[in-house]
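Visitor: Please take one part of this model and look at it closely, following how it is put together and what lies around it. I would like a connected account, with the cut-offs stated as the terms come up.

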Amino acid sequence: MTQDPPDDQALAALAQSVGRALRQHGVMLATAESCTGGWVAQVVTGVAGSSEWFERGLIAYSNTAKRELLGVSTDVLVRQGAVSEATARAMAEGACARSHAQVSMAVTGIAGPSGGSPEKPVGTVCFAWSGRKRTTLSLTERFSGDRDAVRRQAVARALQGLLEFLESH
């Protein structure tokens with residue numbers, strides 16, 4: 001059974017929860033986004049007062065941008081691909097290292113409608129959450145639906161994963 005993608009209201013509520021958790025932990029967030037194109041940053045900055053806990057958002061859509069802005073190695077991109085947990089981890093770690101934030105999250109994937117392969121079909125999205133003096137966590141999800149549905153689900157999963165990351169550390 002497929003679940004409907006979250007609507008704007010659900011994403012806003014999730015962003016408010018993230019803001020409360022970041023404030024409670026006294027940390028700032030940086031985002032590194034590829035397939036979501038800054039949507040995570042847009043959702044969190046839609047929360048009034050987010051300047052207290054959101055430090056910056058980096059959109060690294062191309063492999064060149066991933067290398068230049070976030071320090072993702074060419075080796076990782078060639079061996080693992082842009083859509084991989086290794087790339088997501090490198091993106092998250094790069095966002096933390098290249099910002100004043102204490103925690104970061106990254107998302108990279110194939111939103112469609114084209115670009116998929118048998119190994120990585122459309123809807124494959126890799127996530128990572130990192131932090132200073134914290135172990136980086138990553139996972140891969142497979143979402144269904146059109147481009148907008150995949151991206152909405154990715155934004156929600158990125159934020160939910162950040163909440164889980166903060167609670168576990």
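**The sheet and its surroundings**

Guide: From strand β1, Leu29, Thr31 and Glu33 point one way, whereas Ala30 and Ala32 point the other way, and all of them are buried, a word that stands for under 20% relative accessible area, with exposed for over 50% and partly exposed for what lies in between (1.4 Å probe, protein chains only). The model is a predicted one, in which local features need pLDDT of at least 70 and side-chain atom pairs count only at pLDDT 80 or more, while totals for chains, interfaces and linings use all residues. Residues are numbered from 1 along each chain as its sequence is written, and side-chain values use heavy atoms, with hydrogens and water left out.

Five of the five residues of β1 are buried, so the strand is described as mostly covered. Strands, here and below, are DSSP runs of E with at least two residues, and helices are runs of H or I with at least four, both numbered from the N terminus.

β1 belongs to an open sheet of five strands, ordered β2-β1-β3-β4-β5, with mixed pairing; two strands pair if DSSP finds at least two bridges between them. At the edges are β2 (54–59) and β5 (134–142), each of which pairs on one side only. Neighbouring strands are turned against each other by 10 degrees on average, direction ignored, where axes are lines fitted to C-alpha atoms, for helices over the stretch in contact, and angles run from 0 to 180 degrees between N-to-C directions.

Both senses of pairing can be followed in detail. β1 and β2 are joined in the parallel sense over five bridges, with alanine 30 opposite arginine 56 of β2. β4 (residues 124–131) and β5, by contrast, run antiparallel over seven bridges, and there glycine 131 stands opposite arginine 134 of β5. Helix α5 (residues 85–97) packs on the sheet and touches β1, β2, β3, β4 and β5, its direction making about 145 degrees with that of β3; contact means heavy atoms within 4.5 Å.

Between β1 (29–33) and α2 (39–45) lies threonine 36, which counts as buried because its relative accessible area is 0%. Apart from neighbours within four places in sequence, threonine 36 is in contact with Val107, Arg151, Ala154 and Val155.

Lysine 133, in the loop between β4 and β5, has a phi near 60 degrees, a positive value in a residue other than glycine. Lysine 133 counts as exposed because its relative accessible area is 89%.

Not counting residues up to four places away in sequence, phenylalanine 143 touches Val122, Gly123, Val125, Phe127, Val150, Gln153, Ala154 and Arg157. Its C-alpha atom is separated by 17 Å from that of alanine 82, 61 residues apart along the chain.
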